[in-house]
Amino acid sequence: QEVAFAQLLKRREWTNALIAALKSYRIPLESLGVIGLDKLRHYADPEVARRAAETIDYIRGPVTEKKDELIASLLPVIEQTGDVAKGKALFTTTCAVCHKFNKEGSNLAPDLSGMGAHPRAELLTHIVDPNREVDPTFAAFAFQTKRGVMYQGIIASENTKSVHVRDATGEHDLLKADLASRQELGRSLMPEGFEALGPESLRDIIAYLQATDARFRVIDLHGVFTADSRRGIFVSEENANETLKFRRFGNIKVGDVPFVIADPVTARAGKNLLVLRGGSGQAKRYPQKVEVPVDKVQASMLDILGGIGGWAFPCCGDEKGEGIAVAKITVQYVGGKTEEIVLKNGVEISDYVRPHDVPGSKLAPDLVNGQQVRIIRKKLANPGVIEKLILESYDNRVAPVFVAITAETEEAPPAAVSAR
């Protein structure tokens, strides 16, 4: 099946035929597995990728709708103050069997360190709907040997002769010559049904996760991302060198500040950067303004991972663009009050192509290969509860880039900047 699927993807018309078969239910969606569906969502032809994503979401729609109703029913309790001690005990017995958190637990599933900076509603969604977004690295596989022994786990590594499988009991080296079957299960190893723990227990587990990162809340930018870092993001998508080549994705820290660098492989729309209109070529077709709903986050500071742009200072052989406004962030608080943060070329913003220092931001080291990403920390004049961020460019010579934003709930002395 894997060989046949790989052949179908080689031709656009064959891939379209596969998508049509999925839509008509002639081929079960789950038969393609997490990795297969990811390849369809991120097919090289954007139109085919769009059609695939629409089909997958259409088929999954009823299940997602029911899960959304469940999440909505649990949220009133989840938003209450939880018991951290009870949450730790529940996490240790229920979650640490698979997940690692703050260096304790297992590595069978994604490390949850740093996840506490995410909103409670997002954490609840991951718990009760674990297969909504699955990292292909943690896709579940079933193996059966020729002697009839069954293994179910994730693939830790693989070569031409063997596959290294990790499951709840440990790690196993399986010789491919000894295997009778191998099947991707189309989901993660995390079981469904954790809502059975009850809303109070779920609330306490989330309270424990958030206790470590209580000062920070990650702002979710997935709904406004405009570009895919695997492709060119400025003049054209075909120029793959005009992008940010991230060394890793997921939860990272710059100093004490947690951020999430979105992985385009697991992002629903296959995009992980917010590039706003400016410059020329493809960059002129991005939106000039986007609105980011915020889940009522109390904040006194915004930490912005980006601080870069295409055609930014000291680009283009002159300094005529130094000091011009490049981007504006409007902070809208509950109650209607607003304030504006203006980011300027050569002050907060520097060109992406290589490290170049500017006074209003600092280099976030070791995140990209060859280019640069910077951190901007802006103290809010009117600390309060944020309900929306509006990000817009000035549509001039610079196309500004935002990677991630984190709200800080209290001011703290700046830490030495180092990414880890």
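Which element provides the largest share of the lining of the largest cavity? The answer is H3, which contributes 4 residues. The coordinates under discussion are those of a predicted model.

Empty space inside a protein can be located by rolling a probe the size of a water molecule over the atoms. Applied to the whole structure, the search returns 2 cavities of 30 Å³ or more. The largest cavity has a volume of about 210 Å³. Its lining comprises 16 residues, and those closest to its centre are Arg41, Arg60, Arg132, Glu133 and Val134. Two or more lining residues come from each of helix H3 (33–41) and helix H4 (46–78). Sorted by class, this lining contains 7 nonpolar, 3 polar and 6 charged residues.

The second largest cavity has a volume of about 30 Å³. Its lining is made up of Ile304, Gly306, Gly307, Ile308, Leu343, Ile349, Ile376, Pro400, Val401 and Phe402. Strand S12 (289–306) and strand S19 (399–402) each give at least two residues to this lining, and S19 holds the largest share with 3 residues. By class, the lining of the second largest cavity consists of 8 nonpolar and 2 polar residues, with no charged residue.

The aromatic rings come next. A pair of such rings is described by the distance of the centres and the angle of the planes. The structure contains 7 aromatic pairs. One of them joins phenylalanine 91 and phenylalanine 101 in a tilted arrangement, with 5.6 Å from centre to centre and 55° between the planes. This pair links distant parts of the chain, 10 residues apart: phenylalanine 91 belongs to helix H5 (residues 84–94) and phenylalanine 101 to strand S1 (residues 100–101). Both phenylalanine 91 and phenylalanine 101 are buried. Together with Tyr208, Phe91 and Phe101 make up one aromatic cluster.

Phenylalanine 246 and phenylalanine 249 form a further tilted pair, at 5.7 Å centre to centre and with 55° between the planes.

With regard to the cysteines, a disulfide is a covalent bond between the sulfur atoms of two cysteines. The count of disulfides here is 0. Cysteine 95 is buried, because its relative accessible area is 16%, and cysteine 98 is partly exposed, because its relative accessibility is 26%.

The backbone remains to be considered. Most residues other than glycine have a negative phi, and most peptide bonds are trans. Where in this model is a peptide bond cis? The bond from phenylalanine 313 to proline 314 is cis, with omega near 0°, and proline 314 lies in the loop between S13 and S14. Glycine 323 is found in the loop between strand S13 (308–310) and strand S14 (325–333). At 34% relative accessibility, glycine 323 is classed as partly exposed. Its C-alpha atom is separated by 29 Å from that of glycine 384, which is 61 residues away along the chain.

Positive phi values in residues other than glycine include that of tyrosine 25, near 65°. Tyrosine 25 occupies the loop between helix H2 (12–23) and H3, and its relative accessibility of 54% is why it counts as exposed. Lysine 103 also has a positive phi, near 75°. Lysine 103 is located in the loop between S1 and strand S2 (104–105), and with 79% relative accessibility lysine 103 is exposed.

How values were computed. Residues are numbered from 1 along each chain as its sequence is written. This is a predicted model: local features need pLDDT of at least 70, side-chain atom pairs count only at pLDDT 80 or more; totals for chains, interfaces and linings use all residues. Side-chain values use heavy atoms; hydrogens and water are left out. On a 1 Å grid over the protein atoms alone, a cavity is a set of points where a 1.4 Å probe fits but cannot get out, and a pocket is an open set with protein on both sides within 12 Å along at least five of seven lines; lining residues have an atom within 4 Å of a point. Grid points are joined across faces, edges and corners, and a volume is the space filled by probe spheres set on the points. Ala, Val, Leu, Ile, Met, Phe, Trp, Tyr, Cys and Pro count as nonpolar, Asp, Glu, Lys and Arg as charged, and the others, Gly among them, as polar. Rings of Phe, Tyr and Trp (its six-membered ring) pair if their centres lie within 6.5 Å; planes under 30 degrees apart count as stacked, over 60 as edge-to-face and the rest as tilted. Buried means under 20% relative accessible area, exposed over 50%, partly exposed in between (1.4 Å probe, protein chains only). A disulfide is a pair of cysteine sulfur atoms within 2.5 Å.
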